[in-house]
Amino acid sequence: MISWLLPQASSFASTIDGLVLLIAVIVGFWLILAEVVLFGFIFKYRARDGIRGQYVSGEDRSQKTWVSYPHYAVVVFDIIIIVAALRVWNEVKVAAPPGEEQIRIIAQQWSWTFVHAGPDGKLDTPDDIRTVDDMYVQRDRVYTFELHARDVVHSFSVPAFRLKQDAIPGRAIHGWFRPTREGTFDIQCVEMCGVGHGLMAGRIHIGSAAQYAAWMTEFTNTAVAAHRIASSTPIADVAAHDHAGTAGGTR
Amino acid sequence: MTQMPRNHVGVALTSVALACGLLGAGCARGEAHTDLVGEQLYAACEHCHGVGGEGKVELSAPKLAGLPAWYLTRQLQRFKDGTRGKHPDDEKGLRMRAMARQMMSDREVEAVVAYVAAMPDVEVIPTLPAPDPAAGGADYAACAVCHGEKGEGNESIMAPRIARLNDWYVASQIRKYREGIRGGAEGDDVGATMREMANKAVAPERIDNLAAYIQRLPG
C-alpha cells in the first residue's frame with residue numbers, strides 16, 4: 001500500500017513497509033475503536049435534565065476492567081509488534097547476505113561523495129571511481145556500503161530503499177542493500193547538518209549489468225580527473241582516518 | 001428555522017474576515033517572492049561571507065566585496081552547474097556548490113550579484129605566516145599578462161580582478177589549480193588555462209609569496 005506513494009527499490013523495502021503497515025493497522029484499529037467508545041459514551045451519558053453527574057472513583061471491579069483490559073491488549077499487541085520488528089531488524093541489520101561489491105559513501109556539508117569499486121569490485125584499488133551527488137549501482141547485486149562523515153553528523157537516506165543510516169565523524173559505519181528496481185531515485189540527508197542541509201540531495205541510478213558496465217567504462221575513460229582516485233587525497237584521507245580509529249583528531 | 005444568535009454571527013464573520021486576511025497575506029508573500037531583492041537573497045550568503053562581503057577566514061569564505069559583477073555571475077553559475085566545486089577533494093567548493101543552488105534562477109543570480117557588486121571594497125588583513133611579497137612580485141609577471149599589472153583584471157579574456165583578494169584564498173586556489181581540484185572539469189577552458197599557468201608560473205614553495213603580493217596589489 002505504501003508502495004503506491006513511494007516505489008520499493010530494495011530487497012528489504014517491502015519487509016519494512018510490511019512492518020509499518022502492521023503497526024498502522026494495529027494502532028489504527030484500536031485508535032478508531034477507542035474513539036468510537038469515547039464518543040459513544042459522551043453521547044450516551046450526555047447531560048440530561050434531572051440527572052446528576054457521578055464521580056467514578058474506579059474502585060468497583062467492573063469499572064476497572066475498562067482500564068485493565070485495554071492494558072492487557074496493549075501488552076499483547078506490543079509483543080506482536082516487537083517480534084515483527086525484531087524479525088525485520090534481523091533481516092536488515094544482522095543477517096546481511098555476502099556482499100558482491102563495496103561502495104564508500106562520504107557525507108559532508110552539503111554533498112555526497114561516492115567511491116565506486118570499479119571493475120574489480122574492491123575499494124582502495126587504482127580502478128576506483130569517485131562521483132559527487134550521483135551514485136551508480138547495478139540491479140540485483142548485493143552492495144556493502146561504508147559510510148563516513150567529513151565534518152558533522154549526517155544521515156544517509158534513500159527513501160525508495162527504506163534505508164536510513166546516520167553518518168558520524170570519525171566512524172566507518174557499515175551496511176548493505178540490494179537494488180531490485182531500475183531507475184533513478186532520491187538520496188537525502190535526514191539529519192540537520194547546517195544552513196545548507198535542505199540542499200544536500202543526491203540521486204541513485206540503478207541500472208542493468210550492461211548499463212552499469214557502460215557507466216563505469218564512461219567514468220574510467222573520461223578525461224575528468226575528479227573521477228579517478230589517487231593514493232592519498234583529502235577525501236581518501238577521510239576513510240583512512242576513520243579506519244585508523246583516530247576520532248577527534250584533525251584531518 | 002431557528003435564527004442564529006447574534007454572537008454566533010459575529011464569530012462567523014470574524015472567522016471569515018481572518019481567513020480572507022490570511023489568504024491576502026499569503027498572496028502578498030507570493031508577490032514579494034517574485035519581486036527579487038538582492039539584499040534578501042544575500043541573507044543566504046552572509047552567514048559565511050559576512051554582511052559587507054568581507055569574508056571570514058575561519059569559514060574559508062573569501063571576501064566578495066570589490067569583485068566585478070561578470071565574475072560573480074560566472075562563478076555562481078559554474079558552482080550551480082558543477083563546473084566549479086564538484087571535485088570530491090574540494091571540500092570548501094562542495095559546500096559553496098550547494099549554497100549557490102539557492103539562487104534558483106538567472107534572475108535571482110542577477111539580483112544577488114548586483115547587490116554584491118555594489119558593496120564597497122574593504123581592507124584585507126594578511127593571514128599567511130611570514131610571506132615575502134617582494135619575492136612574489138617576480139612570479140606575478142606571468143599572471144600580469146592576463147590579470148593586469150595592478151591586478152585589475154580583464155573581462156574580455158575572462159581574467160578577474162585579483163587585487164586585494166585574501167592571501168589565504170589566492171594561495172588555496174593556486175594549489176587547487178595545480179592539483180586539478182579546480183579547473184579540471186569538463187568544458188572548463190578558462191580553468192584549464194589557469195591550471196597550466198599555476199603549474200608553470202610558480203613553484204609550490206613560492207605560492208604564499210605570490211599570494212601575499214597579489215593581496216597588496218592596488219587594483
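I started at A:Thr113, which stands opposite A:Val132 in β3(A). I'm working from a predicted model, where local features need pLDDT of at least 70 and side-chain atom pairs count only at pLDDT 80 or more, while totals for chains, interfaces and linings use all residues. Residues are numbered from 1 along each chain as its sequence is written, and chains are lettered from A and ligands numbered from 1 in the order in which they are written.

Next I checked the strand pairing. β2 (residues 111–116) of chain A pairs with β3(A) in the antiparallel sense over four bridges. Strands here are DSSP runs of E, at least two residues, and helices are runs of H or I, at least four, numbered from the N terminus; two strands pair if DSSP finds at least two bridges between them.

Then I looked up the whole sheet. It is open and mixed, with five strands in the order β3-β2-β1-β5-β8 (chain A). β3 (129–132) and β8 (173–177) of chain A are at the edges with a single partner strand each, so one side of each has no neighbour in the sheet.

What lies across β1 (101–108), β2 and β3 of chain A? I found helix α5 (residues 91–100) of chain B there, running at about 125 degrees to β2(A). Axes are lines fitted to C-alpha atoms, for helices over the stretch in contact (C-beta atoms, placed from the backbone, within 7 Å), and angles run from 0 to 180 degrees between N-to-C directions.

Last, I turned to chain B itself. I noted 10 helices and zero strands in chain B.

Key. Two residues are in contact if their C-beta atoms, placed from the backbone, lie within 7 Å.
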